[in-house]
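Colleague: I have a model open and want to learn how to read its features. Can you take me through them, one by one?

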Amino acid sequence: MQSNVPHHDINIRSSRFYLARTVGSCRRCGAPTPLLALAVPPGHETLELDDEAQEEALAVDTWHLATNCAFLFFVEFIPAVIQDRLKQFTQLSRFGKSEAPDGGYWANHCERCGSQFDDQELFCEPEGAFFPTSEMAASAIHLLTVEEAFEAAAAGYAYESQFFNAMSKD
């Protein structure tokens, strides 16, 4: 299943990307479950509204170069080639339902009970699986560099994770 986000809604692109892997506990059944996230390295680009336009009516979206890494969450669209790459590592990261009327996003699911993990908890809450608050917690996150072009439509963007350099690289 895939989101209906059109190609022109892509707002992140990069010449390469990371698959971030760790383990988290299911909120519903308590089982430890492998978790997967997408991240982009320094040098990726983000599509943003030009805030230097003289008038709001003249503002257009422009690509901006990012100087730090970022985790992506509430990912509404990824191309089929990226979906295939995710499936090589887990079937637990798949398109899931959202309370929003316009669909869902790529989400982690529990290995035991199938419950969908909430990206808000994983990426936005301190000590969430992808929001470490110490170097020790960050070292439990493993980054695999994928040397392939990447693009996505993501509603969530965690720029410059404080302990990104403490994460282990595969």
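Colleague: Start with Tyr 18 and Phe 164. Are they buried or exposed?

Modeller: This is a predicted model. Both Tyr 18 and Phe 164 are buried.

Colleague: How do I read the ring geometry of Tyr 18 and Phe 164?

Modeller: Look at two things, the ring centres and the ring planes. Planes under 30 degrees apart count as stacked, and planes over 60 count as edge-to-face. Here the centres are 5.5 Å apart and the planes of Tyr 18 and Phe 164 meet at 55 degrees, so the pair is tilted. Tyr 18 is in strand β2 (residues 17-25), and Phe 164 is in the loop between β10 (150-159) and β11 (168-169).

Colleague: What is the arrangement of Phe 71 and Phe 123?

Modeller: The planes of Phe 71 and Phe 123 are at 55 degrees and the centres are 6.1 Å apart, so this pair is tilted. Phe 71 sits in strand β6 (residues 70-77), while Phe 123 sits in helix α2 (residues 119-124), so the pair ties together parts 52 residues apart in sequence. Phe 71 and Phe 123 are buried.

Colleague: How many aromatic pairs are there?

Modeller: The count is 11 aromatic pairs. Ring pairs also join residues into a cluster, including Tyr 18, Phe 71, Phe 73, Tyr 105, Phe 130 and Phe 164.

Colleague: Which charged end sits over the ring of Trp 63?

Modeller: That of Arg 13, 3.8 Å from the ring centre.

Colleague: Now the core. What is the general idea?

Modeller: In soluble globular proteins, nonpolar side chains tend to be buried together. In this model, the largest nonpolar core has 21 residues. Among those with the most contacts inside it are Ala 20, Phe 71, Phe 123, Leu 143 and Met 167. The elements giving two or more residues to this core are β2, β3 (32-40), β6 and α2. β3 gives the most, with 3 residues.

Colleague: What does Ala 20 touch?

Modeller: Leave out residues up to four places away in sequence. Ala 20 then touches Leu 35, Leu 36, Ala 37, Phe 71, Phe 130, Ile 141, His 142 and Leu 143. Another core, of 19 residues, lies apart from the largest one. Ile 12, Val 75, Phe 95 and Val 146 are among its residues.

Colleague: How many disulfides does the structure hold?

Modeller: It holds 0 disulfides. The test is a sulfur-to-sulfur distance within 2.5 Å. For Cys 110, the closest cysteine sulfur is in Cys 29, 3.6 Å away, too far for a bond. For Cys 113, the closest is in Cys 26, at 3.7 Å, again too far for a bond. Cys 110 is buried, at 2% relative accessibility. Cys 113 is partly exposed, with a relative accessible area of 28%.

Colleague: How should I read a positive phi?

Modeller: Most residues other than glycine have a negative phi. Phe 74 has a positive phi of about 50 degrees although it is not a glycine. Phe 74 is in strand β6 and is partly exposed, with a relative accessible area of 22%. Glu 127 also has a positive phi, near 75 degrees. Glu 127 lies in the loop between α2 and α3 (135-138) and is exposed, with a relative accessible area of 66%.

Colleague: Where does Glu 147 lie?

Modeller: In the loop between β9 (142-146) and β10. Glu 147 is exposed, at 59% relative accessibility. Glu 147 and Tyr 18 are 129 residues apart in sequence, yet 8.7 Å apart in space, C-alpha to C-alpha. Beyond residues up to four places away in sequence, Glu 147 touches Ser 15 and Arg 16.

Colleague: Step back to the whole chain. How many helices and strands does the protein have?

Modeller: It has 3 helices and 11 strands. Along the sequence the pattern is β-β-β-β-β-β-α-β-β-α-α-β-β-β. Of the 170 residues, 42% count as buried. The protein exposes about 9500 Å², and carbon and sulfur atoms supply 49% of that.

Colleague: And what do the contacts say about sequence separation?

Modeller: Take contacts between residues at least 6 apart in sequence. Of these, 67% join residues at least 24 apart.

Key:
Residues numbered from 1 in each chain as written. Predicted model: local features only at pLDDT ≥ 70, side-chain atom pairs only at ≥ 80, totals over all residues. Heavy atoms only, no water. Phe/Tyr/Trp six-rings, centres within 6.5 Å; stacked < 30°, edge-to-face > 60°. Helix = DSSP H or I, 4+ residues; strand = E, 2+ residues; numbered from the N terminus. Buried < 20%, exposed > 50% of the residue type's maximum accessible area, 1.4 Å probe, protein only. Lys NZ or Arg CZ within 6 Å of the ring centre and 35° of its normal. Contact = heavy atoms within 4.5 Å. Areas by Shrake-Rupley, 256 points an atom, 1.4 Å probe, with all protein chains shown as cover. Core = buried A, V, L, I, M, F, W, Y, C linked by side-chain atoms within 4.5 Å.
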